[in-house]
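Hello,

The structure we spoke about is below. My notes on its aromatic rings and some of its strands follow.

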Amino acid sequence: MKTLKNLLCITLLCGAIISCNKDDDNSSQTPVVTEQNPLPGYLTATGFDQKTTNYVNSGDYEFGITFTPLVNGKITTLMTKIPDVRTSMRITIWDKATATILRTELIDVTSSGVEISKVISPLDLVKDKEYMITYNSNDWYERKKTDGTNTTYPVTVGDIKIMSYAYKSGTNQVMPDVIPMNYYAGDLTFKFVKS
């Protein structure tokens, strides 16, 4: 009887050890990937979410934000919302220091006022390097503070530090260089995933 009790205790102890080891082994679990979208936080932090005006067929501009990732990561998805429909709207991601185009994507905006997403081949971004993301359109939302005052840059949202908003008139694929401080025109954003 004593041998049977010892055997039962050993069996229970082994089962508990195996169970604990199995719970502690996370190698077979899929890691959680957190996607960050900096636009909503940027609009709130700047106060540019207070007053919105729609512009449709109001002149062509290349416009967007300059940003720096605070960690290595990648852009996996592009997202835009404009107050009109537009086929083959051009989105460009730039190396800000050299004004080099890193990626050009075309996106079809099939519904006005609805956010449209496009999953892209991941674009690697390097920590503390400055980038710019822009789009070219004659339709946009102008976002301001109710009192029309300037905002202060940089604005940090999660792992993205937004350095400025800029625009340039025309349809050419040229990096914007006019930097107003009292509004943002868009909406263009992306999903960022840490490496």
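The count of aromatic pairs comes to 13, where rings of Phe, Tyr and Trp (its six-membered ring) pair if their centres lie within 6.5 Å, and planes under 30 degrees apart count as stacked, over 60 as edge-to-face and the rest as tilted. The pair of Phe63 and Tyr135 is tilted, because the ring centres are 4.7 Å apart and the planes stand at 35 degrees. Phe63 belongs to strand β3 and Tyr135 to strand β8 (residues 131-137), so this pair ties together parts 72 residues apart in sequence. Strands here are DSSP runs of E, at least two residues, numbered from the N terminus. Phe63 is buried, with a relative accessible area of 2%, and Tyr135 is buried at 1% (buried means under 20% relative accessible area, with a 1.4 Å probe and protein chains only).

This is a predicted model: local features need pLDDT of at least 70, side-chain atom pairs count only at pLDDT 80 or more, and totals for chains, interfaces and linings use all residues. Residues are numbered from 1 along each chain as its sequence is written, and side-chain values use heavy atoms, with hydrogens and water left out.

Ring pairs also link Tyr42, Phe48, Tyr153, Tyr165, Tyr183 and Tyr184 into a cluster.

On the strands, β3 (residues 61-69) pairs antiparallel with β11 (residues 160-169) over nine bridges; pairing requires at least two DSSP bridges between two strands. Opposite Phe63 stands Tyr167 of β11. Strand β10 (residues 155-157) also runs antiparallel to β11, joined by three bridges, and Thr156 has Lys161 in β11 as its bridge partner.

Regards

Terms used
Helices (H or I, at least four residues) and strands (E, at least two) are DSSP runs, numbered from the N terminus. Buried means under 20% relative accessible area, exposed over 50%, partly exposed in between (1.4 Å probe, protein chains only).
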